[in-house]
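The following questions and answers examine selected elements of a predicted model.

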Amino acid sequence: MTKAAKKPILRLKNVSKVFAGYQALNDVSLEVYPGQVLCLLGDNGAGKSTLIKVLSGFHEPTSGTVEWDGQEARFKSPKDANERGIATVHQFGGTFPLMSIGRSFFVGVEPTKGWGPFKRFDRKYANETAVREMQQLGITRITDGERLIGSLSGGERQASAIARAVHFGAKVLILDEPTAALGVKEATHVLRIIMQAKLKGIAVILVTHNVSHALTVGDHFAVLIRGQKADDFAKGERTRDQITDLMAGGEAMAELEAELNTLTGTINQIH
Amino acid sequence: MSAKATASKAASKPGFDITNIARRPEFGALIGAVAVFIFFSIAGGSGFTDAGGWASWLNVASEVGIIALPVALVMIAGDLDLSVGSTLAASSMTMAILSGFFGLPTWVGVIAALLFGVLVGWLNGYLVTKTNLPSFVVTLASMFIVMGATLGATRLIVGSTSVTMTADPFFQIIFGNLIFGLFETAVVWWAVIAIIVSWVLYKSIFGNWIYAIGGDMISARATGIPVNKVRIALFMGSGFGAALVGVIQTCIYNGAQVAAGQSFVFNSIIAVVVGGVLLTGGYGSTLGVILGTVTFGIVNQGIYYTGWDADWAALILGLLLLAAVLTNNTFRRLALSGGKKEKKND
């Protein structure tokens, strides 16, 4: 399982993205390996969202290259990236709260039965497949594919979206802050599902600013600060405090703490 | 065999109970339709409940329904179409001018009228998807453009604001006949449109796209759904519905009036919203829209059987619309809370 033995499925080389004079990403290089969880860490506005949008085909990089399976690739649209096997799941999971589990599972790739003018949406197959895929990820409470996505809990919604990506053979799964809106228990469920996806050989990119969640499941870590990759390290190479400091901008955090100390007494006494 | 079928049906719906029915989008519309029917049956007496009474509100409902059903699809996809009234008048006038004023065969007028409706719909959809402006504004503009153009062109060509024509017997029978001397053929057309729209929404994959676009357009686009094409097609559908009613009215009234049809704009929206379609899109059913249309027809015509001034019908419709918008929100919450209750029981 050493990194040298494997080829990265997705690689960014010196990628920059400029929006109307604003440099959202600056010379970022990343490698994403099958069966590994890459945690993308960073504070708000660090460029995580832009990076995801480049990876999932919403934006093309201003400069730099994207390599897919060893070959240079240009993702012209989200659909383009999707067809190669890049699936993105957003913070609130299922994006169609008023659709049923079965219907939303197959949006854009609807199964059909019958022929010619009688070709129709195969609701039974859609419901059964969606429920089965969710149950395989450990969400056993869901038995009815007619339930609306909006009636599921936050963790179940994440699970339905991840189950969808797994079912359609995603090779790279991008999870954008999947645990941010969840309670402690629900977040743990989602982390367990991430591990299951990883064991299936999927490359997972976990975007988060929760360091403990990242440390629980991550194999590799990249920290973004103001559009630049500030650090890049494997599991066990940094301590939790080092990561937190880095994410908050290192020196800036020390200054902030010093300033706080003058106002509240030393923070260290509290710890 | 039948026992087995029932058993498997029961097994596939383990949570079947009254709250499941209450969560369906057409539940509010069903209550509304039943309530106004009972109300006018009592207030309107036997005149309202006999065949003549049924024909009275069914005829009104079917003309509104032919437009409301495709408009419902537009609204489920998250758009609005305010131009249906002008399209109706323009299509009606196109038919009357071609087949009446210029004396061309009726089929030429019918096809031209329907094509005109589809064309206005295409234009609406094209402008909405190209400009990314709210469809409310775009179709408000096209409502005035089409209305003005119809008025101007009719005056220019005919020299007045109304044109008479008599349809060929075949078209008179399929569009403008009275079945049993009471029911307009529009009732049959309404049923045909209802079957087609239901098929599109529930059975075709296109229907899944409509719900997805109304639910979240950006995500729908990301999954590869041709969002703009679907939206344009839906506007073409509502344009077709309006034109079909235009053709029907031309046959029934033996001619066209420039000012016809404007009431259909808001009446179709009332029927759709009372039918449980959310104004925000993404949710709704054809059965609900049919019931909403029935409610509209009953209130609109039932009032004449009560002996009261017909003005009160507008008041009742306004109150029903307000009640529908409020209950739609409640039903939406109910529908979304499907899992919460089970969770507490765990």
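The expected span of a helix is 1.5 Å times one less than its number of residues.

Q: What is the span of helix α6 of chain B from its first C-alpha to its last?
A: Helix α6 of chain B covers residues 84–101, 18 residues in total. At 1.5 Å a residue, a span of 26 Å is expected. The value in the predicted model is close to that, at 24 Å.

Q: How many residues of α6(B) are buried?
A: A residue counts as buried under 20% relative accessible area. By this criterion α6(B) is largely enclosed by the rest of the structure, because the buried residues among its 18 number 15.

Q: Which residue just after α6(B) takes a positive phi?
A: The position in question directly follows the helix. Its phi is about 70 degrees, and the residue is Gly103(B).

Q: At what angle do the axes of α9 and α13 of chain B cross?
A: Helix α9 spans residues 169–176 and helix α13 residues 227–253 of chain B. α9(B) passes α13(B) in a left-handed crossing. Their axes come within 9 Å, and the crossing angle is roughly 115 degrees.

Q: How do the residues of the contact of α9(B) with α13(B) divide into nonpolar, polar and charged?
A: From α9(B), the contact involves Phe171(B), Gln172(B), Phe175(B) and Gly176(B). From α13(B) come Leu244(B), Val247(B), Ile248(B), Cys251(B) and Ile252(B). The division is seven nonpolar, two polar and no charged.

Q: Which strands stand at the edges of the six-stranded open sheet of chain A?
A: The order in this mixed sheet is β6-β9-β10-β3-β11-β12. A strand at an edge has a single partner strand, so one of its sides is left without a neighbour in the sheet. The twist averages 15 degrees from one strand to the next. The edge strands of chain A are β6 (86–89) and β12 (228–234).

Q: Which residue is the bridge partner of Val172(A) in β10(A)?
A: Strand β9, residues 172–176, and strand β10, residues 203–208, pair in the parallel sense over five bridges in chain A. The partner of Val172(A) is Ala203(A).

Definitions and conventions
Residues are numbered from 1 along each chain as its sequence is written. Chains are lettered from A and ligands numbered from 1 in the order in which they are written. This is a predicted model: local features need pLDDT of at least 70, side-chain atom pairs count only at pLDDT 80 or more; totals for chains, interfaces and linings use all residues. Side-chain values use heavy atoms; hydrogens and water are left out. Two strands pair if DSSP finds at least two bridges between them. Helices (H or I, at least four residues) and strands (E, at least two) are DSSP runs, numbered from the N terminus. Axes are lines fitted to C-alpha atoms, for helices over the stretch in contact, and angles run from 0 to 180 degrees between N-to-C directions. Buried means under 20% relative accessible area, exposed over 50%, partly exposed in between (1.4 Å probe, protein chains only). A crossing is left-handed if the near helix is turned anticlockwise from the far one by less than a right angle, and right-handed if clockwise. Contact means heavy atoms within 4.5 Å. Ala, Val, Leu, Ile, Met, Phe, Trp, Tyr, Cys and Pro count as nonpolar, Asp, Glu, Lys and Arg as charged, and the others, Gly among them, as polar.
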